[in-house]
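Here is a friendly walk through a few packing features that you can follow with the viewer open. Keep the sequence to hand as you read.

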Number of protein chains: 2
Amino acid sequence: MTRILVLGGDGYLGWPMSARLSAGGHDVLAVDNYLRRRICRETDSEPLFEVPNLLRRARRWQEVSGHRVEVRIGDLDDWAFISEVFQSFRPEAVIHFAEQPAAPYSMMDYGAARLTLMNNLGVTFNLIQAVHRFCPDCHIVKLGTMGEYGTPNIDIEEGWIDIEHKGRRDRFLYPRQAGSLYHTTKVMDTDLLWFYVRMWGLRVTDLMQGPVYGLATEETEADEALLPFLNYDEIFGTVFNRFMVQAVAGYPLTVYGKGGQTRGYLNIRDTMACVGLAVETPASKGELRIFNQFVETFSVNDIAERVARAGKALGLAVEIRSVDNPRLEKEEHYYNPAHVGLKDLGFEPYTLTDQRLGAMLERITRYKDRIRPELFLRGVKWN
Amino acid sequence: MTRILVLGGDGYLGWPMSARLSAGGHDVLAVDNYLRRRICRETDSEPLFEVPNLLRRARRWQEVSGHRVEVRIGDLDDWAFISEVFQSFRPEAVIHFAEQPAAPYSMMDYGAARLTLMNNLGVTFNLIQAVHRFCPDCHIVKLGTMGEYGTPNIDIEEGWIDIEHKGRRDRFLYPRQAGSLYHTTKVMDTDLLWFYVRMWGLRVTDLMQGPVYGLATEETEADEALLPFLNYDEIFGTVFNRFMVQAVAGYPLTVYGKGGQTRGYLNIRDTMACVGLAVETPASKGELRIFNQFVETFSVNDIAERVARAGKALGLAVEIRSVDNPRLEKEEHYYNPAHVGLKDLGFEPYTLTDQRLGAMLERITRYKDRIRPELFLRGVKWN
């Protein structure tokens, strides 16, 4: 049994991760300030179905499973709050999901950009300081993003690269250049963690995660009240979930531009498995361990075709339509990322099959009447 | 004549730069919030001699030279203030010195570290947003630091590196890993600028400057009231200036550890020349232009020996003493940084000679009675 602190424990990944870890017998404290809920409300990007607040979900989870997730609501960017949390809970591991996670939101306007930068850097900074002061042996598991690497014209390695230059050699963090301010804050998080790992001998695992899709995990699928957020709008909905909801709504799948944009995707169940493995095998003192966390690479066109095929098998009339790309990104590019570290720890991927895709579409169909098609395109422009 | 905004116009470099540019016939607005003065007061790191406030210096400069530096005091991290400054002044170029500049201060405690991170990132972010909104053609000249690169085992190129990896090629920002939180905030500044250069087509010159030494510039040397700050303490005093003051005080030159730490140094007069050249030849739209800004590489031992030799020529009894290194850094390492970009623009370095060193020591001797030896070592530890 490990004392595990989950920062951002109300989120799409934070909540099911808290449930999973408590089911695994760990002592779990989930902390959140409901920032994501507030922003969704303010931007009219409410998820497909209502999600009870974290305290209610934790209570419901205890009723159905007998496992307990302790909850605290507060702002981790506030030093008084986070230091009190660390001093009282004394975590052995901390999983850091507590960031503003929407790339389009980070590009929306001054206020949204500033909030993203200051919140994400501020919380990561406070986390580092709290670990150093109150539990220096604690393992930090940080959710990074594959988006830190961007789309370079060379193979993407797992966090590090050996460079031979003019006859000499050294090893460096793999070069990073991200495609949104949100993703850039994660580049900065890695810079900050790497600095303090070297100075203070922290133990850090930085999980460079691809876009996640899916509706539920083993622990959360049985009970409506336990499901994670399902956002399908332009701002908070990632492409896979958005396409699935569009297919159910009879709305064309909105491919941005040419649709050759390729990324490494994973199911929300894979996130549970990968983060679980990272927690079970902590990084060493003074180690920044980086894993690329995804299962399969798809282009946007691949995803549209997969969703269309699964939708048609269920009798849905699915159309694919290219729309002007609101982002500045390469629409055709080389993409060959490594991902062996988590497999070496024993990770068994939950790959996408038409059957699994069909089951997700069927579940979304239960909420068909709640879909608001005006949320699919919101006009946030990158430039 | 160019409308030039100098952010951090009260600082060691910001003030003489403002005077220089006004002498060159430019329309100069210097902005500062006196953060550096406040921190020096709070940490008992007052400079060697009193420096009149920015308004008084600008007035004195106008009396002696006839040139005008306009002054505004306010916090550039405050959007209301910076947006008003940009809307009213409409700069064609902006020089960004407005950062907490002391590496030891950034490692001192939680509050100092948090202030450094939030101030430096916050001001750079606001600057980018203000330029984009109010004068998108404005050239941003950003003071970065050679410290962003750290001390890699391969040659340091000028900002960028071509990497060939598994038979494919791409060009990246040169890998950066800094040795203090202050230097890490500059790594992050570069990440942020590079992101918005790509998104919004900004014009940016990032000057990776080495440690600066020296007491005065052409414009400021004649009048006591116009001299820049001279810090010689452990927190704000950089090694060269600190050694010169120690030599005058009859205090041993405090070499940290083995003293093999090598960096690229420049005289404060070189900063004037380099920044001036950058302003005269703006970066292109959508260009992040990076120059390595230094003149000569010295190890700490080299500097100690140079200062000792010049001191002895003036009859000073100079001793060199190794003290425990409060920093975590390599004390012996490879160091071979490129610096051709500024020379290509016509930069003529002001190299260090024994005569110039002697003249600086003589000037410091005028203030010998004001030297407080207890400021030389303050006990800020990196770990």
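Let us begin with B:Leu5, whose bridge partner in E4(B) is B:Val94. Please keep in mind that this is a predicted model. The pairing between E1(B) and strand E4 (residues 93–96) of chain B is parallel and runs over four bridges. Strand E2 (residues 27–32) of chain B also pairs with E1(B) in the parallel sense, here over five bridges. In E2(B), B:Leu5 has B:Leu29 as its bridge partner. To get from E1(B) to E2(B), the chain passes through helix H1 (residues 14–23) of chain B, and this β-α-β crossover is right-handed.

## Helix packing in chain B

H1(B) packs against helix H9 (residues 268–280) of chain B at an angle of about 55°, and their axes are 10 Å apart. That angle makes H1(B) oblique to H9(B). The two helices cross in the right-handed sense. On the H1(B) side the contact involves B:Pro16, B:Met17 and B:Arg20, which meet B:Ile268, B:Met272, B:Val275 and B:Gly276 in H9(B).

A second pair in chain B is helix H10 (residues 300–313) with helix H12 (residues 354–365), packed at an angle of about 70° with axes 9 Å apart. H10(B) and H12(B) are therefore roughly perpendicular to each other, and their crossing is right-handed. From H10(B), the residues B:Arg306, B:Val307, B:Arg309, B:Ala310, B:Gly311 and B:Ala313 meet B:Asp354, B:Leu357, B:Gly358 and B:Leu361 of H12(B).

## An enclosed helix in chain A

Over in chain A, have a look at helix H8 (residues 239–249), where 10 of the 11 residues are buried, so the helix is largely enclosed by the rest of the structure. Among the buried residues are A:Phe240, A:Arg242, A:Phe243, A:Met244 and A:Gln246.

Helix H6 (residues 110–134) and helix H7 (residues 181–200) of chain A pack at an angle of about 20°, with their axes 10 Å apart. This makes H6(A) roughly parallel to H7(A), and the crossing of the two is right-handed. H6(A) contributes residues including A:Ala113, A:Leu117, A:Leu121, A:Phe125 and A:Ile128 to this contact, while those from H7(A) include A:Leu181, A:Thr185, A:Met188, A:Leu192 and A:Tyr196. An α-helix has 3.6 residues a turn, so residues three or four places apart point the same way.

How many residues does each chain bring to the contact between A and B? Chain A gives 37 residues and chain B gives 37 residues. On the side of chain A that touches chain B, two or more residues come from each of H6, strand E6 (160–165), strand E7 (168–173) and H7 of chain A. H7(A) gives the most to that side, with 11 residues.

Technical notes:
Residues numbered from 1 in each chain as written. Chains lettered and ligands numbered in written order. Predicted model: local features only at pLDDT ≥ 70, side-chain atom pairs only at ≥ 80, totals over all residues. Pairing = 2+ DSSP bridges. Right-handed = clockwise from strand over helix to strand, strands pointing away. Buried ≥ 20, exposed ≤ 12 C-beta atoms within 10 Å, placed from the backbone. Axes fitted to C-alpha atoms, helices over the stretch in contact; angles between N-to-C directions. Parallel < 35°, antiparallel > 145°, perpendicular 65-115°, else oblique. Left-handed = near helix turned anticlockwise from the far one by under 90°. Contact = placed C-beta atoms within 7 Å.
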